[in-house]
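Work through the exercises below with the sequence and the model at hand. Each task is followed by a solution in steps.

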Amino acid sequence: MSLQGNVIPIIHWSRRSLCLTEDPELFFPVSTEGPGREQYERAKAVCRRCPVQHRCLEYALNTYQMYGVWGGTTPDERRAAMTAPRQGAR
């Protein structure tokens with residue numbers, strides 16, 4: 001599937017995301033320490049209430065989003081999910 005083919009589904013689900021009404025900077029903390037840690041937690045709290053949280057996380061994993069909070073996860077959490085053995089795989 002071409003990149004262009006992926007744009008329409010992304011636009012569809014993201015229009016229902018709660019982050020659209022938040023300051024985008026909330027989802028891209030500068031660090032994981034001090035105020036950045038609190039910012040990550042505030043962003044993740046928005047995600048926990050979001051009706052498209054799982055679609056957002058799926059998108060982030062499929063497109064290797066390296067920065068920011070996506071689907072209620074930090075970049076480190078997504079990296080860990082991508083490297084963890086798949087359940088049922090041998």
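Helices here are DSSP runs of at least four residues, numbered from the N terminus. The model is a predicted one.

**Exercise 1.** Carry out the analysis for glutamate 38 and arginine 42 in helix H2.

Solution. 
- Step 1. Helix H2 covers residues 35–49, and within it glutamate 38 and arginine 42 are four residues apart, which puts about one helical turn between them.
- Step 2. A salt bridge joins the two side chains at 3.5 Å, N to O.
- Step 3. The relative accessibility of arginine 42 is 44%, so arginine 42 is classed as partly exposed.

**Exercise 2.** Which parts does the pair of glutamate 77 and lysine 44 tie together?

Solution. 
- Step 1. The side chains of glutamate 77 and lysine 44 meet in a salt bridge at 2.9 Å, N to O.
- Step 2. Because glutamate 77 sits in helix H4 (residues 75–83) and lysine 44 in helix H2, the pair ties together parts that lie 33 residues apart in sequence.
- Step 3. Glutamate 77 is partly exposed at 34% relative accessible area, whereas lysine 44 is buried at 12%. The boundary for buried is under 20%.

**Exercise 3.** Decide how many disulfides the model contains, and examine cysteine 19 and cysteine 50.

Solution. 
- Step 1. The test is a pair of cysteine sulfur atoms within 2.5 Å. By this rule there are zero disulfides.
- Step 2. For cysteine 19, the nearest cysteine sulfur belongs to cysteine 50 and is 6.2 Å away; cysteine 19 is in no disulfide.
- Step 3. The search from cysteine 50 leads back to the sulfur of cysteine 19, at 6.2 Å, and cysteine 50 is likewise in no disulfide.
- Step 4. Cysteine 19 is partly exposed, with 34% relative accessibility, while cysteine 50 is buried, with 14%.

Technical notes. Residues are numbered from 1 along each chain as its sequence is written. This is a predicted model: local features need pLDDT of at least 70, side-chain atom pairs count only at pLDDT 80 or more; totals for chains, interfaces and linings use all residues. Side-chain values use heavy atoms; hydrogens and water are left out. A salt bridge is a side-chain nitrogen of Lys or Arg within 4 Å of a carboxyl oxygen of Asp or Glu. Helices (H or I, at least four residues) and strands (E, at least two) are DSSP runs, numbered from the N terminus. Buried means under 20% relative accessible area, exposed over 50%, partly exposed in between (1.4 Å probe, protein chains only).
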